[in-house]
Amino acid sequence: MYQYDQLDQSIVEQRSAEFRAQVERRLAGSISEAEFKPLRLMNGLYLQLHAYMLRVAIPYGVLSSKQMAKLADIADKYDRGYGHFTTRQNIQFNWPKLIETPDILDDLAGVQMHAIQTSGNCIRNITTDPFAGAAADEEVDPRPLCELLRQWSTLHPEFAYLPRKFKFAITGSAIDRAAIKVHDIGLRLRKGSDNRPLTDIWVGGGQGRTPKVAQLFKQGVALEDLLPYLEAIMRVYNRYGRRDNKYKARIKILLAETGLEKLQEQVEAEFQSLDRTPFVNVAAELQRITENSLTPDYASHNESGELTNNGSVPHPEFDAWKQQNVKPHKVRGYVIAMVSLKPAGGIPGDATSRQMRELAELAVRYSHDELRVTHRQNLVLPHVLERDLFALWQALVEIELAEDNIDLPSDIIACPGLDYCALATARSIPIAQAVSAKIRATEKKTDLGGISVNISGCINACAHHHVANIGVLGLNKGGVENYQLTLGGRNDQNASIGERLGPGVSGDEVPHVIERIIDFYVDVRDAGESLSDTYDRVGKEPFKEAAYV
Amino acid sequence: MSDVVRLLKADGTVGEIDAKAVAMFASLEGETDPATLSVSDIDADILLIEFTGAADGRGFSLAKAVLGKMAYQGKLYAVGCINPDQLSMALQTGFDGVLVPAERWADYGAEVWKAALSPIVKLSYASTRSQGLQSIWQLRHGTQS
């Protein structure tokens with residue numbers, strides 16, 4: 001993983017000091033809340049229903065053990081002993097005091113972390129494949145490009161006041177685990193004919209009130225042209241993106257209203273006339289980033305593996321966890337171990353400080369000091385020797401993080417909803433808890449394959465319900481919570497927007513409706529067929545009849 | 001009092017200009033599309049770019065276009081809804097200073113405006129036109145950008 005040099009360290013420390021001065025001006029009353037709001041948002045500090053919420057950046061979802069341990073310390077010192085991992089691979093603390101937030105930022109800076117641009121109408125945290133650099137099917141490691149984009153977008157003077165927030169995602173594999181087609185810009189890295197990396201650029205994906213799948217905007221962009229081309233897209237968006245209506249301000253609306261061809265022409269004209277001198281150092285910087293990134297020394301890693309289960313002793317619970325939570329690694333003898341933050345009946349994405357601290361220790365012992373955060377709000381130990389898996393699993397059992405439900409229906413994405421969020425119109429966490437508690441038993445006795453269930457507490461779709469196989473949207477109808485269901489969405493390389501199934505139901509009914517949908521799918525699916533494929537084959541009506549008994 | 005506009009320059013000097021004189025300067029709104037501009041539109045010793053909203057950053061990109069593609073050589077000042085916390089961005093995108101109406105100047109106070117010329121963040125990754133900031137990429141690689 002990338003290691004800061006003194007310059008990276010300095011800019012983070014300076015930004016923290018700048019925010020301290022802004023907080024002091026607010027506390028002294030010399031600036032109003034209206035003036036302070038854009039300043040605090042640029043450092044990820046929200047004012048939620050009950051308290052401030054600080055969103056900490058985890059650039060492209062990569063964490064060292066030391067960083068994870070520091071997050072645990074922050075949870076204990078400034079919050080209520082837990083943190084909430086998010087769909088942008090970040091972490092949120094729900095109860096910080098305003099006066100202490102500069103101290104939190106100083107603590108974060110001490111481990112090469114920050115909260116820069118985790119909110120506001122700017123370029124947000126770059127996200128990527130949580131298996132980047134480890135996946136067996138990866139063509140190009142996206143992390144150096146992620147870091148280059150992080151640096152380019154950090155405090156970019158032209159793009160701090162965009163029409164609306166702006167999200168990038170990058171993948172280097174044909175199987176898209178980064179959901180690039182539902183981002184403002186999605187980048188697909190691949191190898192060209194001469195083995196040099198090329199990038200396909202997808203533009204205009206997004207969720208919220210007007211969900212859209214991104215369109216292929218430009219194919220085969222060489223890395224030396226990529227940053228200037230992205231800068232050209234950002235300038236065109238900044239110039240022509242709508243500012244009269246925040247719900248129509250994302251680039252997906254600009255693309256829809258302008259048309260793909262015309263927008264491509266505008267970007268191309270900007271690209272051709274762009275001053276390239278700011279980018280003369282990009283190739284050298286990309287090389288430096290690669291050289292300054294620690295690569296696991298696979299050969300000399302811990303050989304202990306003292307608690308292996310070599311198959312001689314049957315252990316069905318371990319076998320089930322391995323079957324569901326362990327993925328292939330590019331290096332023989334290694335695997336990728338996923339840690340579910342979705343215990344049956346638990347709060348999706350939450351981890352206690354004890355769990356975070358123990359995970360940091362496990363990463364030291366078993367995963368070359370490294371962890372990842374996934375956009376499905378889970379964690380990953382990316383470089384685990386296969387022979388250490390049993391010991392790792394036993395340690396995870398000890399801290400109640402051995403749930404074997406990755407990619408199953410109980411692996412639910414849920415936004416904070418009405419329990420925390422000022423924008424929410426309905427609860428989402430209690431619904432997720434009830435759903436997972438109900439369907440966990442079914443999962444254990446039936447091979448369901450991968451089914452995603454995402455639950456949003458308002459139309460802003462922070463839980464990505466539009467692209468879930470089973471999406472749930474909580475609304476408020478006449479003062480009563482009402483939940484609409486969508487089916488057929490997906491966020492992979494074949495991304496599609498789910499279709500509304502029928503009338504909304506009460507919160508109590510949601511688990512039952514989802515269970516009936518899953519039961520119907522199991523009854524009618526062909527061998528090896530996913531829920532989305534079954535839905536595409538049989539259509540909405542049979543699912544609707546089964547759901548609304 | 002309200003007819004006086006403060007001119008805060010990047011070099012730290014503060015001047016006063018009559019608002020009527022400011023109204024005579026060549027001016028572009030921040031939302032102006034550079035593609036629609038001709039050289040005659042910016043043929044002036046002093047050019048103003050007006051920020052029409054505190055959350056509208058189009059003026060920063062317009063400044064880069066005017067100074068870059070259109071090779072404007074005169075003095076470029078920001079006016080309108082721009083606050084001290086945005087001054088660093090203005091300087092990085094090439095503005096020579098900011099024109100601040102007396103009332104807005106008083107709202108923040110002279111100390112805050114002047115302090116904004118020496119921002120706490122003194123680094124930027126990509127290139128910067130601001131004398132007070134250093135480009136990290138340039139420092140790392142030693143290449144002029």
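Mentor: The account below concerns the salt bridges. This is a predicted model, in which local features need pLDDT of at least 70, side-chain atom pairs count only at pLDDT 80 or more, and totals for chains, interfaces and linings use all residues. Residues are numbered from 1 along each chain as its sequence is written, chains are lettered from A and ligands numbered from 1 in the order in which they are written, and side-chain values use heavy atoms, with hydrogens and water left out.

Over all chains, the search finds 52 salt bridges (a side-chain nitrogen of Lys or Arg within 4 Å of a carboxyl oxygen of Asp or Glu). One of them pairs A:Asp107 with A:Lys77 at 3.7 Å, N to O. Because A:Asp107 belongs to helix 4 and A:Lys77 to helix 3 of chain A, this pair ties together parts 30 residues apart in sequence (helices are DSSP runs of H or I with at least four residues, strands runs of E with at least two, numbered from the N terminus). A:Lys77 is exposed, at 56% relative accessibility (buried is under 20% relative accessible area, exposed over 50%, partly exposed in between, with a 1.4 Å probe and protein chains only).

A:Glu268 and A:Lys218 form a salt bridge at 3.5 Å, N to O. Here helix 8 of chain A, holding A:Glu268, is linked to strand 10 of chain A, holding A:Lys218, across 50 residues. A:Glu268 is partly exposed at 26%, and A:Lys218 is partly exposed at 27%.

A:Asp225 meets A:Arg276 at 2.7 Å, N to O. A:Asp225 lies in helix 6 and A:Arg276 in the loop between helix 8 and helix 9 of chain A, so parts 51 residues apart are tied together.
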